[in-house]
Amino acid sequence: MQISIRGLNKQYPGGKFALKDINLDISSGMFGLLGPNGAGKTTLMSILVTLLKPTSGDVTVNGLDLQKNRKQIRRMIGYLPQEFSVFSKLASWEFLDYAARMSGVTNRGKRREKVDQLLEEVGLFDVRDRWASRLSGGMKRRLGIAQTLIGDPHIIIVDEPTVGLDPEERLRFRNLMAELSRKDIIIILSTHIVGDISSTCTDMALLNHGVIRFNDSPESLVANAVGKVWRVVVSMAEMDIIKEKYPVISAIPGESGFELRVVAEQVEGNHAEPLEPNLEDAYIYYMQSLGFDMNLEAAESEW
Amino acid sequence: MINLSAIKTIALYEAKLLWRSWSFRIFSIIGLTVFISTTIGIGAKFSFSPYYLSALSSSLPLANVKMLNLYQGIIAVFMATEFFKRDRKHDSNQVIFTRSYSNTDYLLGKFIGILFVFAVLNILVLAATLILHVSLSNSPLAVMPYLIYPIVIGFPTLVFMIGVSVFLITLIRNQAVVFIIMLAYSLLVMIYIGRFLFTVFDVYALYQPILYSDIYGFINLPDVLLLRGAYLLAGLGFLFITVIFSRRLSQSGAASTIMVATGACCIAIAGIAATGYVKEQFDIRDQRTEWRSLSQTVPQLHPVKIITHDISVDWHGQTLSSKSTITAVNENAQPKDSILLTLNPGLEIASIVSDNGREIPYSRNEFLLWLKPTQPLVPNEMMTLTISYQGHINDNYCFLDIENSRFEDVLTAWLYRIPKRYAVVRPEFLHLTPECGWYPIAGLSNGTAFPRPNINHFTQFSLTVNGVPKNFETFSQGSRETTADNTVTFTPDTPLKGISLTSGPYQCDSITVDSIDYTVAHFPGHDYYREYMNQLSDTIPNLIRELRNGYEVQLGLDYPFKRLTLVESPAEVYAYKRFWTTAMDIVQPELLFITELGVFGSGTDFKLMKRSSTRMQEHSNQATGEVETQTWYFTNFVKMDVLGTLNNRWDPRSEEDIELRTSIACSFTDFVTQINSDDWAIINFALQSAIQKRIDPIQEQPFWMAGGLDDKERANLALHDAPLQSLIADTSLDIDTRQTALNSKSNYLFLFLDAKRESGDFNEQLNTYLNRHRFTSISEDEFSAFIDGLGDIDFKSLAAEWGKKTDMPGYVVDAVEAYKVLDGDRTKSQMRLSISNPTSIDGLVTVNIRYQQQRGAGRVPWFMRGQEKYDFTRLLYMPAKTSRHMGLLLDQQPAEMTIETLISLNIPGDLAFDFRRVELELEEKRRPFEGDSVFAYQDEQPPDSGEYLVDNEDAGFSIINTFEENYLRRKFTEWFDLNRMEDKYVSIRWWDPPSIWMPTSNKDFYGKFVRSAYFKETKDGDGKVAWEVDLEETGNYDVYYHYEGEDVVMPMFRRRGPGSGPPQKPDRGELHFVIYHEDGVENVTLDLNTAEAGWNYLGTYRLVDGVNRVELTDKNETDIIIADAVKWVKR
């Protein structure tokens, strides 16, 4: 499977670009689309799932033009939108049945089998008759995943799938994604949470202000940040000064003050120990290096 | 291109979602509850609802479908907009949107889903109705209406409302706005535009005539399909077009294009269909106008007289082919070189041959058929010819004299709108009356000739009918014979003016009483009346005999035929009552057509009669035998619907639809008697009308109307302005006024002849003459000679003057007394009164008395009580400037006395005196007095008595200040016809008095001939009236005001009879006067709670000579203020 995006623009009536000159090649495997809120991820996802028309540019899926072959391309897609809500008056199995019928599973027996299997896989079999509106947030999201998978799609597009999930649900979701990514399909995972990407993605892109800032493997993003992550131990008073100067990834209170994880070319004035960077450090570093002020307080709370 | 599986899935899940939504469930539950209750309310045997609401087999489903249609139409807008609005709000739809299917699939799926759920609701409602129909109702069951109505009425409305709503919501994207637009449209349809342009805007089919008959389905099927189909297509069209406005990116451009193109086509076809329908209606209107003008181009001529007419008709389902063999004679003094016949324009002439086999040349122009015999027909020469003709009957040719508005008006009964048909030629039913011109007649038909006089003759007919289906019964005039091959022949016993033909799948019950065959012919299953008359088999011959004899005595004439058949006719069969003839098309010689199941009868509501009879028996604690009760049902029915001697005053339609009232009275008049006149055919009608008057029930104002004008008074006002001759041709006057004017004048003419003949046997002489001259036309000269021979009368000049006269007498009635006296050893009721005619015109009045009704079982309940003839009537000739003192000695106690002033200046025209609440006192000293004395009229008030009087009719009365009438209130009043605001005197709407001073009339107001006053709602005192008098001398004057008493306003409060507790008197408040006098102004109040009816003293004031003034303000604590008359009396 291959998705190719060339010169994609989306301009809103006010003149503002939601997406600007996007060029991406996405192959089978899991592709992570990382970017802060408002970066244009959802717009890009909406274009890929044929909900939105781009202003210009081309998207091809296995050589098929997205604009001209919506019928074929829609058959390949499974989509989980960012704020997935359910039909409140349908039971879980009915919702899946609806999705199954719509993705062309016309045989009743097969459909029932498939629905039960997916309910089993996402751990909702026991609540299959419960009205979707009465499911917990995590359950709803799992139901969303299940409907994404129901037509055996070749392309799965999930938009901010872990927002609002508790850590256990989030882990379960990531495992499910990891399991799926072993098949010959494309999974596009759009998120502003770095943790969603780090574990499983083979390829990724960084999107900010509608522009792709980085497009390579997560490893190469991390490689960029080697030698730029530091451990600094400071007192309470010093911590504020450090925070003002550098992006601080984490602050752990210790006996002799706070142990800070700082992203910077150099940390001046304090004793700083270099640390092995992770994807989050790399993301912060990369964005910082491009001159974007990262709001780490918010990111921290969501991590 | 279309993915059926996707459509099915979307429909299924949309339906599931809608069905599970609370709003829909609540809506459904409310709907079901309301419709079930309504069905029980109108249809159940034990309900008190009027019979016509549920009589027909299709009534209950129709009522429910119509109500549901309105209900679900509005709800569908909400549901559809809600559903489509959701598409934008929910991400759950996004996961569906990204699946592979076209927008067309989605739209259709959603639409079908919504429709499906409403279909289920319809099925539920109709199933419930059907169950109730079977278990609780008396009306016959037919399954087809339950299937057809939702498809024809509900389905197109739903599709249209959903289609347009979805279209608008995708365009406007604001649910509230769309809902308001659609709601406003619905309301407009309901109250206003629904009736416009032949109901073309009536999406709910509220006003469109739709009735499914279990005899032949929809009689106006093309119209029904055209309009309902137009709505269906338009709805689909809008829906299809919505595809291009879909927010979801299309995946099949071709499908969308086809959808939009189809949508546009649908809307275009709908537009063409609706326009076509309207155009067709206009074409009918134009056609009728053209025909009318065509008939006026025919010179007034004496047609040939058709002596015999043998008709042979072959009935081929929707068409006829007939052959008429006619023998005609030229009774005119001049030879005729062209002979005019008329025939329905839908029938084509095949050939016209004379008895020697030669073709007779002719020309045809629409309904006119001009024969051009090679030799002119010389006076008294006879000719025989045979005319062959075939085709269909053009229904629009009927009743050409009926104005467009009345002709186009749909027959309305509650929610039911019934198409009108005058002739029916269908495989399932055949109905032809002379009105439709189904056979050639000589000259013009009466309706076509109107308003010109027309000559009518009696013809000896014979009729042969071929092609009647095996199980059908056929009805016409005369003795009937049916051959083995089902050819039916009729041979009338006497010559007739016309012949009718009706055939259908009838079932008959017959009985012969006193050598007359009585038959009831009904459609299968339409014999609900049996259960109410199952005990009558032994008594029915006697009942019939009594009713017939009583009727003949009342009319003074004998029933002229050997048969009387009551034939059920489908609800659509309709006939107009013409004001210029007593003949009704639904009555034919020997036949009376009763509308399907008696739905529009006044006396066919046996269910209600039974309920009220049971109630009364319980109330009076007296059991009445079943036979007696059933006798009451039977006689009520016969009197109300067959003889026309009784009105059902509670029947809400009896005021409105004069044509729905049936009576065989014309069998005694128009069918057998004809006075032909060249000048003015009205004498013929005057005679018919005067005879009809002998049995006509008395028309009373409904009890909820106080004051105002009735038809007779309106007619008198019109007759005072214009002579009868021009009045009846004045189409700007409403039909009731013209009819009443003609009736009053006719009655007056014959009453006058009666009064003039001193031996008192005028009516006997007339009856004998009429009985002797039946079935033959009488010339005007012959009739005049007969009348002239009765005494000192020149009938021709009397009749000529009668039509031109506008002068009227006026009467003053006073000194009315009622008490008991001893007449020998018997106590009798004595009535005394004085009637004066101060005018210079001779006149007539009748004094009528109704006795107290005996209490007890068998008494007619008040709401079923009709207005039968008075128990006692005396005609009085009142020469100009005379007074008459009169005494009547009655064996029974009077309940009311009514002086009918007939044609007079009096308003009210009938002066009624009510003795029901009065226990008459025995006055032993007074002597009984029976008789009257006439003497010259003396004006009560000499000119120099020092008494000045200003009534609201006088020049001295003026309205100083009034208010603007509330526009909405006035419109409301007009829309619902609550009051006839254009009348000179309006009735007192005590529940909603006007905000301006308006004139009203009532016998309790002051006035010499016109007893009137002004009234309005009470306000803060700014609205004023004034009475101004020009006094000749300065001095002290007593000032009086005339108070009408407490009977005028709110009679409802006083309706309690004796014995049921003291009547509660409502607070009457007080009147606030401003009296101007020499020293200034004084405010005076008159407490109406203590005031007496009549003149009330307001005070004594010193007034200087010249103009003096009294004002009345509109201030009062009650709702209504009335201003009548003021009197100044010099001390």
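Predicted model: local features only at pLDDT ≥ 70, side-chain atom pairs only at ≥ 80, totals over all residues.
Guide: Two strands pair if DSSP finds at least two bridges between them.

Visitor: How many bridges join strand β1 of chain A to strand β2 of chain A, and do they run parallel or antiparallel?

Guide: Seven bridges join β1 (residues 2-11) of chain A to β2 (residues 17-27) of chain A, and the two run antiparallel. As for the side chains, in a regular strand they alternate between the two faces of the sheet. One position to look at is L8(A), which stands opposite I22(A) in β2(A).

Visitor: Which residue in the hairpin of β1(A) and β2(A) takes a positive phi?

Guide: That is G15(A), with phi near 105 degrees. The hairpin has five residues between the strands.

Visitor: How should I read a helix with one buried side?

Guide: An α-helix has 3.6 residues a turn, so residues three or four places apart point the same way. The case here is α7 (residues 175-191) of chain B, which has 17 residues. From first C-alpha to last, α7(B) reaches 24 Å, close to the 24 Å expected at 1.5 Å a residue.

Visitor: Which residues of α7(B) are buried?

Guide: V178(B), M182(B), S186(B) and V189(B) are the buried ones. Seen down the axis of α7(B), these buried residues fall within an arc of 65 degrees, so they line one face of the helix.

Visitor: What does the face of α7(B) turned away from the buried side carry?

Guide: It carries the exposed residues A176(B), I180(B), A184(B) and I191(B).

Visitor: Now the whole of chain A. How many helices and strands does chain A have?

Guide: Chain A has 11 helices and 14 strands. Its radius of gyration is 21 Å, close to the 19 Å that the globule rule gives for 303 residues, so chain A is as compact as a globular protein of that length. Along the principal axes, the C-alpha trace of chain A spans about 70 × 45 × 35 Å. Buried residues make up 45% of the 303 residues in chain A. Of the contacts in chain A between residues at least 6 apart in sequence, 67% join residues at least 24 apart.

Visitor: How many residues of chain B are in contact with chain A?

Guide: On the chain B side there are 22, in contact with 25 residues of chain A. Helices α1 (4-20) and α4 (91-97) of chain B each supply at least two residues of that side, and α1(B) gives the most, with seven residues.

Visitor: How do the residues of the side of chain B that touches chain A divide by type?

Guide: They divide into eight nonpolar, 10 polar and four charged.

Definitions and conventions:
Residues numbered from 1 in each chain as written. Chains lettered and ligands numbered in written order. Helix = DSSP H or I, 4+ residues; strand = E, 2+ residues; numbered from the N terminus. Expected span 1.5 Å × (residues − 1). Buried ≥ 20, exposed ≤ 12 C-beta atoms within 10 Å, placed from the backbone. Arc of directions from axis to C-beta. Contact = placed C-beta atoms within 7 Å. Nonpolar A, V, L, I, M, F, W, Y, C, P; charged D, E, K, R; others polar. Rg over C-alpha atoms; globule rule 2.2 N^0.38 Å.
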